[in-house]
Structure formats: structure tokens, C-alpha cells
Amino acid sequence: MVFGFVTPLDPNETIIVTTPTRKYIEHGPGWKFYSPVSRVKKINKIILDAEHYLIITHFNPNEHGDIIEHIAGPKIYEQDDALATVDGPLKKLELSSTEFIVCTNPKTGHKRTVKGPTLFMPEPYEQTSNKFNMITLTVGDYIMVTETTTGHIKCVPGPDNYAQDPFEKCSEIKHKIDLTSLQYIVVTDTKTAEQKVEVGPQQFVPGPYDKCSEMKTKIDLSNTQYIIVTDTKTAEQKIEVGPQLFVPGAYDTVSKIKTKISLSNTQYTFINDKKTGEWSLVKGPKTFHLSPFEEAAETKNMIFLNMVEWIKIIDQNSGKIRIVRGPSTVVLSPYESIVKDNGKEIQDAYIVDANQCVHVRDVETGNEELITKPQKYIPDAPNIQVMNVQHMVKLAPYECMILIDKDSKMVFHYGKNDSTGFFIPPFCSIYSQIWSMDRNKKNKTKIERFDMRFHDMDFEFSVRSGDNVEIFLVINVYWSIVDLEKLVVTTNDPPQDICNHVRSQILSFASKLTTKELMELPAAEIIKQIHDQDHEFYRTRGVSVSRINILEKKCADVKVDETYNAIINQKITRARNLEQQLGENDKEIARIDGLTKTEAKTYDLLQQKLKNLELETETSGKAEGGKIKSFLDGLGDDMSMKDKLDVLFMFEKTKRMALIAEKVKTLYLNPEDVDFNLNVIRLEEKDDGKVSVNQLLDSDLPAAKDKKISKNKTSLSLNLNQNQN
């Protein structure tokens, strides 16, 4: 029979039985038996919630050689290994969403990071660090993380809470590169030297080995702009044309923004291909861009020539000159330019008519000619040079012009012989002289047309009398050219020669007289002495002096001149008074003669008026008599002359009454106060065609002593026509 002990166990109880030979565990519920020599330890099962764990230390290692085991809750733990020791329950480590810890296994040396949020139970043998806060990265942040064991670098962009691994080293928080829609950057990988372009809009996170350039702006090209893009790796070039926002490649270099060439319908340009050297013409209207190897010449306007315009064009390569006549549209090649003449590019045709010609010269042969045929002249060849446009020289009948021909001979043209005019032939020039025309003979005048009429010329000089008194003279000379051929041979200044000769004669004459004699001597006497001498001088010079006058004669010394003037003025006053008295006498005689002639004319006028009045009266009487005779004859032969006269007198009275009625608005009459009766005459035609006169006297009128006659006119009608009343 075996004896022992019995122990009741609840469902949550366990006993550990230790015998001399072994140690084991019994779990409840139920009755558990054990030997008396055994030691029994009752323990409760361990209830673990989610926040706790147990550390179990086994006596014998497991298959992995570990003797420590961690049991995590929630769980009801029943110990199975009687030799194991149980520590706990221990509280798990609570990590928030921004916390982490580093766990180190001293057995293996392995380290690991545990991130929150979690309730963390360490693995067996693991040691935990203190809690660390994660690195919080916003949406615009990033960090560089370096693996210290391998040297590998990685980029961690936000938004994130980053828990650093045990062997990682984190950089400071950096900001992402914000690129707008108009920006870009060039990113260079420093390990491979490769480049790439990152274009906005974006938040760019550089790689571990990326080097970023400064932010650049995209190239905004309008619809009239373009750029040349060169790939530095391949040296290829391309054109990027607007409108666009252009982003160059990593290896692209970009030229300056260029404007497209816009040509109107009157413009053109030449394009040079640098590869081939060829030129091509582009005419407007057109808008275009150049290729990378093209270069444009200057934009020029087309030259429009009308029918009277022309231009001269020179080729800079060959030096040849050509002439283009209008109407035409001219486009110059790149090596051509317009030869200017008198600062003008477009030349007008030269008008050649009856009064104008063109002087031209052939620069190759040296020949010159005048184009006189009426036309709009344009040179036919580039070697024809227009020297000048020459107007016809027209001379008045009194003018003459001298030409010097190519043989240096003088050709005289007189206006009286050549009324139509002439042109100056080639190689000829106009002969001219310089004349002294002013009073002091200091100013010179160029003379090309010689006036054959008389010239009125003044000049002044001083002479000294025999007693050495200086006298100032102003001389007037009236002269003309009589032989032009002699004149041009003998002198170049005829007015000066004439003045010098007259001065010499007066000086010679004045030196023989005293001052008193010279001042009192009449100018006519002085002129007579010098004008009648030495006509040969003027004849040899081809001139004729018809009159010489002394306009002014005075002493150079003012006091002496005043004395002589006083004497002369007295003589002049005496002569003037005498002339004045003679003039008044002549005036009175003329007045008396005038009155006499006036009275004679008045008598003649009165005689003529009397004759006219008699004639007028006679004519008027005849006219009135004719009227009365016609009136009486019109009354017929049946009436006696007395009756006809009575009718006439009554008719005249009626006319006077009509005149009174016209002048006076209201008239009151009494038969006893006036010498006429108010009668009405009526003429009636009888059956036999004769006219009878009925007279209505005052008694026939309505009885009224006072008769009031208004302004109504009384009319007398003589109806002599049988058909009328």
C-alpha cells in the first residue's frame, strides 16, 4: 500500500512537486497526489494582460541553446518547466507615434530599432535604450541618412516621423527645393557625373550625391521670338520657336533670345548659309526665323522707281556699275550698293526742253556733249557722267556775253543778233571782269554780261588848289561801251580807268587855280575844260563818255568851307529873290489872262442857252398845237368850231380838277367862289355813227349848294369805236 498526500487544486492553481529524484508540475483543477517525501509548492497561474510580459529562465537550454524565454500577454500562463524560474509580470515599454528605442542583443551583438506607437516586449537577452524622439519631417523637409556600417546614404523625404536605426547617422533637417511652374534646376550626380533637369512645379528632393544648380527661370518665348539650342555633348544645334516656356536640357547651351525677322510687303533681306556660303533672297510680307547656320543681312526697303527716276548701282565684288531706270522695283544683292550723287540715292530724270539742256561727259573717252533734244534724260550707260544742267543763256538786245572756247579764243554773243538764246558748248567758259562800281571804288563786282547801254557812275576824290587848299569833289560820269572787243583787250576794269582819267584831268586843272577861283568857278566850266580833252583815251578802250557832272564841291576844311558857302549862299539868295519876283509877276499876268478867257467863254455859253430855249419853246408849242388840232379833228365835221372849243375847254378844266383831286384830300367848293362849273361830258354815238355831246351842268347834279368833292378821280371817256360803249 502506498501512502501519500492529496492536494486539491483549483483551475488557476498549479503545484511544483520536488522529489528526491525529480521535480515536476501538476495543474488544476482536481486532486493531486504526491509522496510524503516530496516537497510541494503551490502557485497560481499568471494572468497577463496586454501591457505585461514574463521572463522565463529555463534550466535546460532549448534547441537554439537559449534558456530564457519571454511570454507576452494577454495570456494565462501555466508553468510547464518545473526547473524554470519566472520573473514578472513586467510592464511592456509603451512607445508613442513619435518615439522609438534601440534594442541590443548582447549575445549576438545585433541591434534593432523599435518604432512607436506600440507596447514593446524585448526579445530574450535584449537590452533597451532610453526612449528617443523620432525626427519629424514636414512636407517640405528631408534628411540624409548615412549607414555607418556600409557608408550607404539614403534620402528620407517628408512628411514622415523617422526613427533612426542604430548604425545610422542623420543630417540636419533640410528643406526641399521649391520649384514654381516657371523654374527649373540642373542636378548633377557627383558619383556618375550624370546630369538631369528637374522642372517645376514640384518640391524636389536631391539624391545623396546630387549637386543642384541655382534655380533658373524657364525661357519665355513669344510668338515672334526664338532661340538656338546647342547640345554640348553632341554639338548638335536646334531651333526652339515661341510661343512656349522652354526648359533647356542638362547639356544644352542657349543663345540670346532672338526676334524673328518680320518683313513687310515692301521689304526684303538676304540669308547667308554659313555651311555653303550661298545667299538666298527672302521677300516680304513674311515672318521667319533663321536656322543655326544662317545669318541675315540688313533688312532693306525695296526701291520703287517711277517713270522719271533712276539709280546707279555698284557691285562691290566686281566694281561694275549698272543703271536701273523706272518704272521698276529694285532689290539690291548683298554686295550691291547705290552710288549717291549730290547726296541723293534716287535721281530724277533731267528735263531737257527748249530752255534747258544737259551737259554730259563720257569718263572713258573724255568726250563731252550737250543733250538738247527735248526729253526726260537718263544716262544710257554708267560711264556717262552728268556734268551739270545748263539753262539757256538769253541776252537782252543791249547785252553781250563772251565765251572762251577750247582753243582760248573769244566768241562774242550779242543779244541783238541772237534773240533765241544759246547754250554754252562743252569745253567753253564765260569770260568775266571785275569792275569797281561803288562811289569809293573799293567794292568789286563780277561782270559776265556786258551792258551796252549808258552807265551812270558816281565817284569821289580830293584835289588841291594852286594855294594848297584841299577840296572834296563828287563826280558823276555818264558813259557806255561802244567797242567791246577793244575793251576786253585793253582793260579789266573800265569804271576804274575812267575814274582815274577824270581825276587826273581835274587834278591838273585845279592845280592852276586858287581856292576862290575854283570854288566860284561854275561846274560847267570845269567840265568843259576836261571833257573836251583827250578823247583818244576813251576810244582806245572802246568806251564813250557822253556827260560829266560835278555833284558836290566843298573844302575839306570845315571853317574854310563855311566861309565859301556863306559867300555862295548870298549870291544864291540874291538870284533866288530875283527869280521869285519874276515868278510872282508871271503868276498875276496868268491870272488876268485866265479871267479874260473865262468871261469870253461865259458869254458864248449864254448865247447858246438862249438859242436852246427858243428852240425848246418853238418845239413845245408845235407839239401842243398838234395835240389840239388832232383833238379837234377827232370830234368830227358835224360840230362847229365853237362847240369843239367848248369841249376842249371843258376837257382842260376836267384835267385841272383831276390834278387838284390828286394833290388835296378834301376840297370844299362854292360855284360863286370859283370861276368854273363842275361838268361831266358824255359822248354818245347815234344810229348813223355820229357822235353827240351831252353836257351835264351843275343843275343836273343833285341839288346841293355846297358840293363836297372827295379824292375820287373823275374820268372822261371818249368812245369813238362803234363796237365799244
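Q: Is Phe33 buried or exposed, and why?

A: This is a predicted model, in which local features need pLDDT of at least 70 and side-chain atom pairs count only at pLDDT 80 or more, while totals for chains, interfaces and linings use all residues. Residues are numbered from 1 along each chain as its sequence is written, and side-chain values use heavy atoms, leaving out hydrogens and water. Buried means under 20% relative accessible area, exposed over 50%, and partly exposed in between (1.4 Å probe, protein chains only). Phe33 is exposed because its relative accessible area is 59%.

Q: Where is Val17 placed, and which residues does Val17 touch?

A: Strands are DSSP runs of at least two residues, numbered from the N terminus. Val17 lies in strand E2 (residues 13–18) and counts as buried, at 1% relative accessibility. Contact means heavy atoms within 4.5 Å. Beyond residues up to four places away in sequence, Val17 touches Arg22, Lys23, Tyr24, Tyr34, Ser38, Arg39 and Val40.

Q: What is the nearest side chain of opposite charge to Lys312?

A: A salt bridge needs a side-chain nitrogen of Lys or Arg within 4 Å of a carboxyl oxygen of Asp or Glu. Lys312, in strand E42 (residues 309–315), is buried without a salt bridge, and the nearest side chain of opposite charge, Asp341, is 6.0 Å away.

How values were computed
Helix = DSSP H or I, 4+ residues; strand = E, 2+ residues; numbered from the N terminus. Lys, Arg positive; Asp, Glu negative; His and termini not counted.
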